[in-house]
Structures are given as structure tokens and as C-alpha cells.
Amino acid sequence: AENMLWGGRFTGGLDPLMHKYNASIQYDKLLYKEDILGSIAYARANAKSGIISNDEFTEIERGLREVQKEWETDTFVIMPNDEDIHTANERRLSEIIGKDIAGKLHTGRSRNEQVVCDMRLWLRNQMQEIEGHLIAFIEVIAARAEAEVGIIMPGYTHLQRAMPVLWSQHLLSYGFYFANDLERLRETSKRVNRSPLGCGALAGNGFNIDRDMMAEELGFTGLLWNSMNAVGDRDFVTEFLQWGSMLMQHTSRWAEDLILYCSSEFGFITIADAYSTGSSLMPHKKNPDGLECLRGKAGRAFGHMAGLMMTQKGLPSTYQKDLQESWEPMLDHVKTISDSLQIANGILATLTVKPERMRAALDPFMLATDLADYLVRKGVPFRETHHISGRCVAKSEELGIPMNELSLEQLQAIDSRFEEDVSQTFDYEKSVEVRSSKGGTSRARVLEQVKVLKAMLA
Ligand code: ARG
């Protein structure tokens with residue numbers, strides 16, 4: 001342990017398993033670039049406050065760029081004592097430019113601030129990419145909703161046929177879940193993109209470092225205002241995991257709808273080959289694996305979120321090694337979310353709708369509410385018309401004939417206020433079009449929703 005970066009006070013060596021158990025280099029090396037950019041900003045600020053000379057800064061920057069190049073060309077050699085990306089980069093820097101100057105880089109700095117600087121920079125950039133994927137997915141939803149606005153399908157509650165709706169209305173129902181996710185993502189990004197640099201190990205920097213200058217160089221939009229908070233906080237990761245869990249809750253529900261809709265029983269859609277797989281035994285099978293992965297990965301996302309919250313609960317303030325457990329959930333979550341959004345986009349962009357199958361699944365009983373509304377428009381109180389329409393349903397079931405084929409006499413035997421024009425009630429298009437207040441499933445209101453949804457992307 002004497003050879004470690006922090007080894008001055010140690011005489012005994014580390015248990016080899018303890019060394020591995022404690023090390024994070026195998027995953028935090030992914031952020032070599034953020035670590036180097038953070039170090040350059042830190043060195044520049046130290047030159048400004050006079051702790052290192054301008055020449056020393058130039059030399060440190062040159063060395064760090066060389067280390068960066070080694071990572072980029074895959075020639076960086078990780079040594080047994082490189083515990084994490086911070087120690088690895090600094091060790092290599094001192095080999096390249098010599099201990100005398102490299103040894104000044106860490107003046108007043110702690111890995112506690114460095115690690116969150118790296119993570120925040122990286123996550124901020126990843127969230128920007130994820131935002132792009134989310135927007136692209138919502139755009140496909142809006143485009144399909146607009147292009148396919150005439151198609152009518154059964155709308156369900158309790159998975160029972162309820163009322164006819166436009167296929168576009170169904171699509172847009174998810175569009176608005178995802179638009180809210182977009183709003184939340186933008187909100188969360190603000191809290192991620194704040195700078196911890198210059199907070200030291202926990203108490204702040206003793207060399208009058210210019211924190212604003214470093215924050216600006218790294219593209220942070222603000223500072224973390226308390227040094228103890230800055231090094232102890234992993235809420236920025238937790239919040240991202242919570243955000244993504246909610247997003248995955250939505251993609252999972254969406255996937256479940258489509259899994260049902262592509263079954264033979266529904267047959268409303270078919271999924272493109274590109275997102276399906278076959279069976280090793282049953283030659284005829286085409287399974288919606290892309291959608292099932294989407295549904296399944298939601299569990300993985302929630303698990304990471306819950307795990308990280310449990311890691312933090314009950315921790316004393318400021319930095320504890322437990323916080324290193326925030327790395328892997330963060331890395332995995334970014335990949336899960338990013339992949340899932342691109343897969344969801346691909347599935348939706350390539351699926352085929354079967355309007356005739358949707359129409360065949362409509363059932364005259366889905367117009368029972370319209371039948372009740374017919375009498376409402378003739379002045380009968382709804383509580384009464386609901387009951388009357390219910391008796392028509394019962395009659396139809398009793399006689400075994402569809403409700404729309406009951407004769408006027410049969411309807412009038414139930415209630416004398418039914419007239420000739422009642423036949424016009426049994427019309428799916430009309431049922432859809434009559435629901436024309438804002439947010440409803442009529443064509444015009446659906447096209448209005450497309451506009452509102454698109455505006456939310458800006
Ligand atoms: N690998 C560590 C982490 O991810 C870096 C910070 C270590 N700081 C320390 N004082 N041991 O949390």
C-alpha cells in the first residue's frame with residue numbers, strides 16, 4: 001500500500017481481493033476524457049491563482065493531452081496499483097512529464113470532488129443524447145398519428161371493449177406520457193449540470209481557486225454551493241435513475257399494448273422482422289422480442305434505482321466509499337435507456353397497422369353509451385338513459401342478435417322515446433366524431449393534439 005497514491009501512512013499491503021474489491025478502474029476508465037478535461041480546468045485555475053506557474057500549467061496540459069491520446073488509441077496500460085481513473089491518469093501524467101510538476105496538479109484537490117465532476121460531465125452529455133433519442137421517438141408517434149388519422153379501433157378499459165377510438169388517439173396517449181418525460185428530463189439536467197470542482201475533500205479549497213472559471217470552462221451552468229453537499233451528493237444519479245424508471249414504466253406499458261395487439265387474437269398490427277425473432281422448435285413462430293425486452297428491461301431500471309437509494313439511506317454526510325456504488329447503475333441505466341428509446345423508435349416506425357382487423361374487433365355494444373346519449377339529447381336524464389340502454393344490451397344478449405339489429409319496435413318496447421332516427425346512433429365513425437371537445441378522439445381534436453405534442457418538443 002505504500003506505493004499507492006495515498007500510501008504515505010501505510011506500511012502493510014492490501015489483501016489482493018480487497019484491492020480488487022475496492023477498485024473502480026474497470027468501469028470508471030470509461031470516463032477518462034472527462035477526468036482529463038476536469039484536470040486541465042483545475043490546473044488552469046491553479047495557474048491563475050499562482051499556485052503553479054504558467055509554464056507548469058502548459059506542461060501539465062501537454063502531458064494530460066498525451067494521456068488522453070493513449071486512451072484514445074488504446075495504448076494506455078493500466079497498472080496494478082491504478083485504483084481508479086483519477087489515480088491512473090495522474091500516475092501516467094507523472095511518468096510523462098515527471099513527478100516534480102505532475103505532483104503539483106492535485107494541490108488542494110480531492111478525488112471526492114473529482115469523481116463527481118467526471119460523473120456529472122459525462123451524465124450531462126449522455127442526457128443530451130438521450131433527449132435526442134426521446135425527441136426522435138415522439139416525432140415518430142406524432143407523424144404516425146397524423147398520417148393514419150382515419151383508422152378506428154376498439155378502445156379498452158379493464159381490457160374490455162369500451163368505446164371506438166382513433167388509432168391515432170391511442171398513439172398520442174403515449175405521446176403525451178413521453179412528452180412529460182421529456183419535460184422532466186430537461187428539468188433534471190439542470191441539477192446534474194452543476195460544478196463540484198473546487199470543493200476539496202469536504203471543506204472547500206484553501207488556495208482561493210476560481211470555481212466559476214472552472215465551471216465555465218467545463219460547460220457547467222452553475223456551482224454546487226456547499227462543499228460538503230458537493231462531495232456527498234449522488235442525488236444527481238438517483239434522480240436520473242428515477243427519471244429513467246418512469247420513462248421505462250411508460251415504454252413497458254406501451255410495449256404491453258403492442259404485444260397484445262400483435263397476437264393472433266387481436267391481430268391489429270404486425271411487427272417488422274427487424275424487431276422479431278423466431279422459435280428454435282416451432283417453425284411458424286414470430287415473437288415480438290423487441291417489445292418483450294422493452295417490457296423486461298423496465299424491471300432492471302427500477303432495480304438499479306431502488307438499489308442506489310438503499311445504498312444512500314443512512315449514510316453519514318459527505319463522501320463514503322459506498323458512494324462508488326453509484327457508478328455501475330448509472331452506466332447501465334444510460335445504456336438501457338438509450339438503447340430502449342432507439343428500439344422503441346424502430347419498432348414503431350416499421351410496424352404495420354391492420355385497419356380491417358381493428359374494425360372487425362369493434363362491437364355494437366361499444367355504442368351502448370351512444371345509445372344512452374341519444375336519449376339524453378331528447379331530454380331524458382342520463383341515469384335513466386344508462387339504465388334503458390343497459391336493458392337494450394340485455395335484450396340483444398337474450399335474443400342473440402347484435403344491438404344495432406334490434407328493430408325499432410323492439411327498442412320502443414323498452415322505451416317509447418326511441419324514434420326512427422335511433423338507427424343513426426349505430427355508427428362507429430359518428431361515435432368517434434361526436435367526442436369533439438378538447439382532448440377527445442374526434443379527427444379534428446386528434447390533429448390538434450398532434451400540434452400540441454410537437455410544440456412540446458421545441
Ligand atoms: N473511485 C471513487 C468513487 O467512485 C473515487 C473517489 C475516491 N475518494 C476517496 N476518498 N477514496 O467514489
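User: Which residues surround the ligand?

Analyst: A residue is near a molecule if its C-beta atom, placed from the backbone, lies within 6 Å of it. Here the ligand is surrounded by Ser24, Asp84, Arg111, Asn112, Val115, Tyr319, Lys321, Leu323, Gln324 and Trp327. Mind that this is a predicted model: local features need pLDDT of at least 70, side-chain atom pairs count only at pLDDT 80 or more, and totals for chains, interfaces and linings use all residues. Residue numbers start from 1 along each chain as its sequence is written.

User: Which helix gives the largest share of that shell?

Analyst: Helices are DSSP runs (H or I, at least four residues), numbered from the N terminus. Helix 7 (residues 111–147) gives the largest share, 3 residues.

User: How do I read a positive phi, and where is Asp74?

Analyst: Asp74 has phi near 60°, a positive value in a residue other than glycine. You'll find Asp74 in the loop between helix 4 (54–72) and helix 5 (85–97).

User: Is Asp74 buried or exposed?

Analyst: Count the other C-beta atoms, placed from the backbone, within 10 Å of the residue's own: 20 or more is buried, 12 or fewer exposed, and in between partly exposed. Asp74 counts as exposed because it has 6 C-beta neighbours inside 10 Å.

User: And what about Thr318?

Analyst: Thr318 also has a positive phi, near 65°. Thr318 sits in the loop between helix 12 (289–312) and helix 13 (327–350). With 17 C-beta neighbours inside 10 Å, Thr318 counts as partly exposed.

Key: Helix = DSSP H or I, 4+ residues; strand = E, 2+ residues; numbered from the N terminus.
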